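Biologist: Before we discuss any labels, please show me the model, and then tell me what each term rests on.

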Amino acid sequence: MSSLTSPRAVGAVVSDAGITLLGSIDGPLVLSVDGRYVWSFSPVRDGRPTRAGTLVEWPSVLRRFLHGSARVRVSDVVGERVLVDEEVVLGDGRGTIEIVDPQGLPLAVDKVGHLCRAFSATDEGIRDEILAGTRRAIDDLREACGVEAYLNYGALLGAVRDGAMIAHDSDTDICYLSRQASPAELMLESYRIERGLRGRGWNVLRMSGGDVKLLLPLSDGRQCHIDVFVAFHVDGTFYQLGNRSGRLPESAIVPFSTITLHGHEFPAPADPEAMLAFVYGPGWRVPDPSFAYADPVAGVRRLDGWLRGFRTDMGRWTEFYRWAEAGRVGRPGSAFARWVHRQLPRGAAIADLGAGTGRDAVHFARHGRPVLAYEFSRAARGTIRRRVAHQDLPVDVRMLLLNELRTVLAAGAELSRDPHHLYARQLLGCLDDAARANLWLLCRMALRGGGRLFLEFSALGPVAGPEPVADPGPAGLVQRLDPELVRREIEAAGGRIDLEELGPGVDMLGDPDPIVCRLRVAWPRPTHRERNPR
Amino acid sequence: MTSAPLSRARARARFLQDRVQRVRRRPIGVFARLNALEEEVQEQRQLNRRLAELTDVVAELLVPLAHRDEEWTREAVERYRVDL
């Protein structure tokens, strides 16, 4: 139950800054826009005092939608106490506020702050498809992957508490208890599970070394996400992805019990109530749509170190490519692409590393070159595929995560057998040290049989004027690099720079950049002495 | 030449100066060392993923490559990439 305590009549004001509560409130609140659930928050946890009252700022993921007018309602969870219910005008004030995805489907903010589609916007038939799909995933995990999975998180909570899905949940989650003795071994097990699920026809997205997301297509054209999380014990501590860690005996998990949700039977932990207390805390029986995890910092740090680090900026790049900002990237080939094209033999194949929207990959293909377009972001790969299919161009689009050694070695193995020149415009500034080291490894594998690497990046360097040179766009995703550092790294990896140019150019978004560096690099074959030092 | 009392006073001053600097350095040094230690532990944890990735590549690709069968090798590398 919600608990609104108010020494006087409590109201709220909706503004561009957020929701300002005019009195004291200590329970969770629910915000809906034009009658649709959008977000839940806790003023005590999420607000900060201002002169006018307690301000709860809009979540950053909602801000892009907040232009125009709409009816906004803020109430307690059961809807009995309404703080505000009125027509508001926000942002530029033009049009109607519509919080929907690119297909026009309504979105809500989930408990980890992401935009998602909530079950309250899902009809009964679709809900049955989601539950049947979840059941199929559990069966496939047992039959094709050899692991026993159980229902967990929101679906388990809804099943135990109400016998129904939770209204504002957005996906289903299943976990399996790994018997592996080390994080490295449980990641290897997770890789095998991923192949097993692909073999059963699932569309799989790897989120960390210990969890994958299954994309379940629904009959209304949407996709539901089924998260498959590993759970394991290390030195007496129980870890369960997302980020949970603490004390939970194995006897609370196995042997499984059975639980029914809307007529579908699922395996559940042996002691579902103990699992729910572990996940949601002792107050799990009280509905709280504003719930947010408070995971032990030490456990999160361990899980980050063991299992994560290869897709750190993926969410921000997805946002960039899904929404309007990527539209600022020009469509014609860049000046750098034209510069490179002039230097290569007619028809020579080229691999565009970090192809982005595919503008330069398309440019090369239009000029008669076979092109491999390697890209980190799934959203961007989709953009390129649509673009080249539309124009029937010879561009093969592939995934490359430069922080993930498997994709680097697989790409290197293929490129060493199928030589391409390598091209990377504005890629280097998006990478951390480890990813750059993997890039040089990839170049070394791909280019020792010949070919060149062409690089363009925003550089640190001497520019006239008192102000430091700003980082290039998109903001926060690209940084400047010292050309001397890049030179040292390339030479340490066996490369030889045979052309270097420094001068003004443009960044990824086409904005002027006072100093960009262009490099042309070869990776000579090692001499006999280098191959056989003795 | 320097007189013995002056020399002792200078030595004492150097000693005290050194103690003051050590005391000043100590808390900063402890925090800096803790931060460095945390970073180093995190680096060691990250080796788990490196090890898993390398082992996976070896396990999935080494056998087909060792057979020196060009077609099988090409298929194996492509299948591996597609399954990532």
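**The interface and a sheet**

Modeller: Across the interface of chain B and chain A the rule finds six salt bridges, a salt bridge being a side-chain nitrogen of Lys or Arg within 4 Å of a carboxyl oxygen of Asp or Glu. This is a predicted model, in which local features need pLDDT of at least 70 and side-chain atom pairs count only at pLDDT 80 or more, while totals for chains, interfaces and linings use all residues. Residues are numbered from 1 along each chain, chains are lettered from A in the order in which they are written, and side-chain values use heavy atoms, with hydrogens and water left out.

Biologist: Why is the pair Arg195(A) and Asp56(B) called a salt bridge?

Modeller: The closest N and O atoms of Arg195(A) and Asp56(B) are 2.6 Å apart, and the rule asks for within 4 Å, so the pair qualifies.

Biologist: What makes up the contact between chain B and chain A?

Modeller: With contact meaning heavy atoms within 4.5 Å, 25 residues come from chain B and 30 residues from chain A. The two chains bury about 2,600 Å² between them, 57% of it on carbon and sulfur atoms; buried area is the accessible area (1.4 Å probe) lost on being put together, summed over both parts.

Biologist: Why are strand 1 and strand 5 of chain A said to stand at the edges?

Modeller: The open sheet of four strands in chain A has the order 1-2-6-5, with antiparallel pairing, where strands (E, at least two residues) are DSSP runs and pairing needs at least two bridges. Strand 1 (12-14) and strand 5 (48-49) each have a single partner strand, so one side of each is left without a neighbour in the sheet.
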